Amino acid sequence: MELSADLVEELHILSLYDLSSQQSGIKVHRTAEAVAIAATRRLYDKGLLTQPDGGYLTGLGLDAAEHAQALLTILATPVDDR
């Protein structure tokens, strides 16, 4: 699977969600960058978000955001000098 620019932007949107509270949503405003607006709409179309402009994570969206944020945490961890 290729990691396209669209997928990277979708991962970025998922990384913005606060996973400590399911009552925390996001709103991507009309003035946001076009790539963010498009990524948010794609996540909604895939059933991961409750609204086309963000809203809350669905059950599937919560699973995806948890995995995405865990992966980003792992990749951001510095490697020991060997």
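At what angle do the axes of helix α1 and helix α2 cross, and within what distance do they come? The views below take us through this predicted model.

**View 1. Helix α1 meets helix α2.** Let's start with the two helices, α1 at residues 5-15 and α2 at residues 34-45. Their axes come within 9 Å and cross at roughly 80 degrees. Angles of 65 to 115 degrees count as roughly perpendicular, so that is how α1 and α2 sit relative to each other.

**View 2. Who touches whom between α1 and α2.** On the α1 side, the contact is made by D6, E9, E10, I13 and L14. Helix α2 brings V35, A36, A39, T40, R42 and L43. Sort the residues of this contact by class and you get six nonpolar, one polar and four charged.

**View 3. The buried face of α2.** Look for A36, A39, T40 and L43, which are buried in α2. Seen down the axis of α2, its buried residues fall within an arc of 100 degrees, so they line one face of the helix. Here's a handy bit of background: an α-helix has 3.6 residues a turn, so residues three or four places apart point the same way. What covers the buried residues of α2 includes α1, β2 (49-51) and β3 (54-57).

**View 4. The other side of α2, and what comes just after.** Over on the other side of α2, A34 and D45 are exposed. The helix has 12 residues and reaches 16 Å from its first C-alpha to its last, close to the 16 Å expected at 1.5 Å a residue. Just after α2, check out G47, which takes a positive phi of about 85 degrees.

Key:
Residues are numbered from 1 along each chain as its sequence is written. This is a predicted model: local features need pLDDT of at least 70, side-chain atom pairs count only at pLDDT 80 or more; totals for chains, interfaces and linings use all residues. Side-chain values use heavy atoms; hydrogens and water are left out. Axes are lines fitted to C-alpha atoms, for helices over the stretch in contact, and angles run from 0 to 180 degrees between N-to-C directions. Helices (H or I, at least four residues) and strands (E, at least two) are DSSP runs, numbered from the N terminus. Angles under 35 degrees count as roughly parallel, over 145 as roughly antiparallel, 65 to 115 as roughly perpendicular and the rest as oblique. Contact means heavy atoms within 4.5 Å. Ala, Val, Leu, Ile, Met, Phe, Trp, Tyr, Cys and Pro count as nonpolar, Asp, Glu, Lys and Arg as charged, and the others, Gly among them, as polar. The expected span of a helix is 1.5 Å times one less than its number of residues. Buried means under 20% relative accessible area, exposed over 50%, partly exposed in between (1.4 Å probe, protein chains only). The arc is that of the directions from the helix axis to the C-beta atoms.
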